[in-house]
Amino acid sequence: VTGIFFQNKVDYATWFGWRYDFIHGIQMLPVTPALLMIRTPEFCRQEWDSILSRLPLSPTDPWTSLLLTGTLSIIEPEEAYNRLNAMLPEHMDDGLTWAWALYWSASMQNGHGGGVSTSPATSTVSTEAPEENLALYRLAVASSE
């Protein structure tokens, strides 16, 4: 992850700080279904295993809520849900509600954005869409029904 792109320079930082949670967390905003188009499970796994899992991730730090929602929920949704559920709502990131973070993690339980059932008996969602677009496609189909 690159923090800041300049014309002829790249910094592994942000304009508001150099902490790893800042550098990686800012890349996860906003937490919307479109996030799944750019954050693949493979990337999230690499990022989590190499950097984010080694951070303190205090349940009172608002950045923790963002990192759990934007990365861990995509690769280990049950673990993310449990950790987010243990946080108090007032410790969530200012742009991320506790309810949305829990919903987001719960919706990942059936796979990468697979909160909508793909069973032929209960859904008309095609699973032929590319994986990174599948969650967004499913959301669009669900909202049109």
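1. Trp-100 is partly exposed, with a relative accessible area of 30%, whereas Trp-104 is buried at 3%; buried means under 20%, exposed over 50% and partly exposed in between, with a 1.4 Å probe and protein chains only. This is a predicted model, in which local features need pLDDT of at least 70 and side-chain atom pairs count only at pLDDT 80 or more, while totals for chains, interfaces and linings use all residues. Residues are numbered from 1 along each chain as its sequence is written, and side-chain values use heavy atoms, leaving out hydrogens and water.

2. Both Trp-100 and Trp-104 belong to helix H6 (residues 98–107), four residues apart, about one turn of the helix; helices are DSSP runs of H or I with at least four residues, strands are runs of E with at least two, and both are numbered from the N terminus. Together with Tyr-103, these two residues make up one aromatic cluster.

3. Trp-104 is also among the contacts of Thr-69, which, leaving aside neighbours within four places in sequence, include Val-31 and Leu-84; contact means heavy atoms within 4.5 Å. Thr-69 lies in helix H4 (residues 62–75) and, at 0% relative accessibility, counts as buried.

4. For the chain as a whole, the secondary structure amounts to seven helices and two strands, in the order β-β-α-α-α-α-α-α-α along the sequence. Of its 145 residues, 39% count as buried, and among contacts between residues at least 6 apart in sequence, 54% join residues at least 24 apart.

Notes
Phe/Tyr/Trp six-rings, centres within 6.5 Å; stacked < 30°, edge-to-face > 60°.
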